[in-house]
Amino acid sequence: MKGGKIINGRVIAVIENEWAQMRRNRVVVLTTFAPPFLFVGLALTVLYISSFIDLNPAAVSKISGILSQSLPSTMYVLDRSDAVRAALLNPFLILFEMLPIVVPLTVASYSITGEKQNRSLETLLSTPIRTWELLLAKALAAAIPGVAATWYSFVIFLIAARFLVTRDLYQNLILSPTWLIAISLLTPIFTMFAVSLGIIISSRVKDPQGAQQLGSLIVLPLVGIMIAQVLGAVDVNFSAILTTALVVAIADVLLLALAVRLFRRETIFTGWK
Amino acid sequence: MENLVVIERLGRRYAKHWAVNDLTLNIEQGEIFGVLGPNGAGKTTIMRMLACLVTPSAGSATICGYDIVRDPTEVRKRIGILTESAGLYDALSAQENLQFFAKLYDLSPDQVKGRAEYYLKLLGLWERRRDPASTFSSGMKQKLSMARSLIHEPSVLLLDEPTSTLDPEGAKLVRDFIYSLKGQGRSIILCTHNLAEAQSLCDRVGIIKRTLLRVGTPHQLQTSLYGRQVEFRLANVGRLEGWKDGQGEIINDLAVAVSSIDGVGDVAVTGDSMFVSMDDPDLHTPGIVRYLVEQGAEIIRVAEVEHSLERAYLDLVSRPAEVWGAEGEASSHTPHPTPHTPTIGGAAA
């Protein structure tokens with residue numbers, strides 16, 4: 001990419017501009033920052049209620065089997081209570097992955113169509129900003145708040161969960177490399193993937209409604225993974241997460257490059273009404 | 001003066017339809033150039049091509065020496081654009097809007113702050129700098145947008161219908177500001193429907209209908225279309241010795257006589273007045289006055305007729321383009337008779 005640093009003054013200016021507008025939109029602020037905390041509340045509530053549930057030995061054995069696949073280093077034998085909690089907690093990892101995707105995706109889907117609707121796109125594109133700078137800035141502006149909110153809420157979850165689960169479960173599930181790598185690495189990578197797709201949709205669809213409807217379809221594969229994991233069809237283990245992170249990170253770069261190639265200034269001006 | 005904008009045979013086609021075709025034009029440094037044309041004439045397409053938003057299908061154009069196709073980023077650094085809509089972020093304050101655009105032009109933090117303050121004060125918006133743009137009237141928004149387009153001190157300013165959505169007061173504010181930009185060394189291209197605006201602001205005007213129909217100063221356009229005419233109003237046309245009796249007939253006969261004087265073109269008669277077309281009124285008017293006085297005429301008014309740009313514009317855009325050719329410099333065009341008055345054929349000027 002020509003023009004020096006990737007995160008240059010123009011990219012930062014667009015990010016600041018996006019955030020300044022977001023701050024003034026209470027709905028966007030609320031929908032970005034409230035869901036992570038709601039999920040944390042839900043996870044903690046589930047943990048608390050789970051202490052009242054009793055399972056038969058066969059169910060415990062099955063849960064242990066599933067967990068031993070996701071946590072290969074963990075050879076401990078779960079007691080009944082921990083088995084229930086582990087079974088209930090594990091899908092929350094996928095939910096934490098979905099959190100920063102849904103709202104940033106909506107923001108990203110609106111990013112270009114919104115400029116067009118606001119009639120600011122023509123003036124923006126007549127400045128020296130390059131297409132890749134604009135799209136990168138829009139993607140980062142949409143992704144960063146969602147990722148930050150997820151990390152923030154996960155820290156709260158870590159602190160609160162310590163008081164609701166046994167030390168064994170806490171150290172071997174919640175603090176496991178699988179969970180930590182997933183939250184710290186997969187979250188931003190998945191989010192960038194989703195917002196890049198959202199931006200492509202936004203620059204190809206003529207109106208915000210269409211962009212948001214198409215954008216919502218991006219979440220469906222993740223929902224599918226979550227259901228598959230709950231059913232035991234997919235193992236969300238450490239090596240799977242690292243492999244996924246690598247593949248999706250490469251896909252992020254390719255998607256952003258594709259977004260730049262697909263961005264047609266002329267079509268936006270001449271084809272959109 | 002250096003030509004900051006050089007356009008050569010520029011064209012843009014949408015499917016089979018040419019929105020702009022074969023446009024050739026140079027615009028000098030410091031010049032305010034008006035682009036006049038009806039809806040669909042291609043004015044906005046020209047602006048978008050010059051702003052590197054739309055790629056030409058034919059021809060070329062340079063701004064400050066940079067090609068609009070090969071060096072779009074360099075071109076964009078040197079232009080400011082103001083469109084019909086303000087193009088501002090409603091949720092942001094006036095100051096934030098200006099500072100955002102200033103940063104896109106890589107200005108230093110001090111310049112960002114200083115220029116935003118300068119233009120907000122210049123345009124009388126400083127007191128409301130912290131108010132969201134959404135709370136501004138359309139006139140104030142357009143002024144703010146004007147400041148946005150100037151924040152990086154562009155060499156060329158593209159103004160596309162800057163006053164068309166404004167009330168008369170707002171339009172005057174914007175026009176006054178455009179006028180105040182004269183003499184600052186930057187070229188301004190002003191697309192407008194408003195002929196009075198073009199007449200009062202522009203050094204030269206181009207009349208566009210897909211292609212350039214005519215270009216020249218407003219005065220040149222008026223005079224080239226209709227020729228220069230001088231009105232001679234007579235007090236005693238019915239009582240001239242040696243001429244037949246009866247008002248109307250005498251002045252018509254007199255007009256025929258005047259039309260045979262060297263340098264005189266067509267002569268039209270309306271009431272007590274003769275409208276005499278000529279190339280050079282300063283040269284020929286005294287001779288005509290002398291002749292009329294010798295015939296016993298009492299002359300109560302001698303004045304050159306001012307034709308409005310509006311009339312010239314309406315006449316031009318209502319004719320097929322091929323009548324005028326691809327491009328015409330106003331000064332090279334053969335004068336036409338005034339269309340609204342009866343004329344008497346005279347000696348060719």
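Axes are lines fitted to C-alpha atoms, for helices over the stretch in contact, and angles run from 0 to 180 degrees between N-to-C directions. Helices (H or I, at least four residues) and strands (E, at least two) are DSSP runs, numbered from the N terminus. The model is predicted: local features need pLDDT of at least 70, side-chain atom pairs count only at pLDDT 80 or more, and totals for chains, interfaces and linings use all residues. Residues are numbered from 1 along each chain as its sequence is written, with chains lettered from A and ligands numbered from 1 in the order in which they are written.

In chain B, helix H5 (residues 138-150) packs against helix H6 (residues 168-180) at an angle of about 20°, the axes being 8 Å apart. H5(B) and H6(B) are therefore roughly parallel to each other (angles under 35 degrees). Residues in contact have C-beta atoms, placed from the backbone, within 7 Å.

| Helix | Residues meeting the other helix |
|---|---|
| H5(B) | B:Ser138, B:Gly139, B:Gln142, B:Lys143, B:Met146 |
| H6(B) | B:Glu169, B:Gly170, B:Leu173, B:Val174, B:Phe177 |

Chain A has 12 helices and 0 strands. Of its 273 residues, 41% are buried (20 or more other C-beta atoms within 10 Å of the residue's own). Among contacts in chain A with a separation of 6 or more, 88% join residues 24 or more positions apart.

Between the chains, 23 residues of chain A are in contact with 26 residues of chain B. Helices H1 (9-23), H5 (121-125) and H12 (265-271) of chain A each give two or more residues to this side; H1(A) gives the most, with 6 residues.

Notes:
Angles under 35 degrees count as roughly parallel, over 145 as roughly antiparallel, 65 to 115 as roughly perpendicular and the rest as oblique. Two residues are in contact if their C-beta atoms, placed from the backbone, lie within 7 Å. A residue is buried if 20 or more other C-beta atoms lie within 10 Å of its own, exposed if 12 or fewer, and partly exposed in between; C-beta atoms are placed from the backbone.
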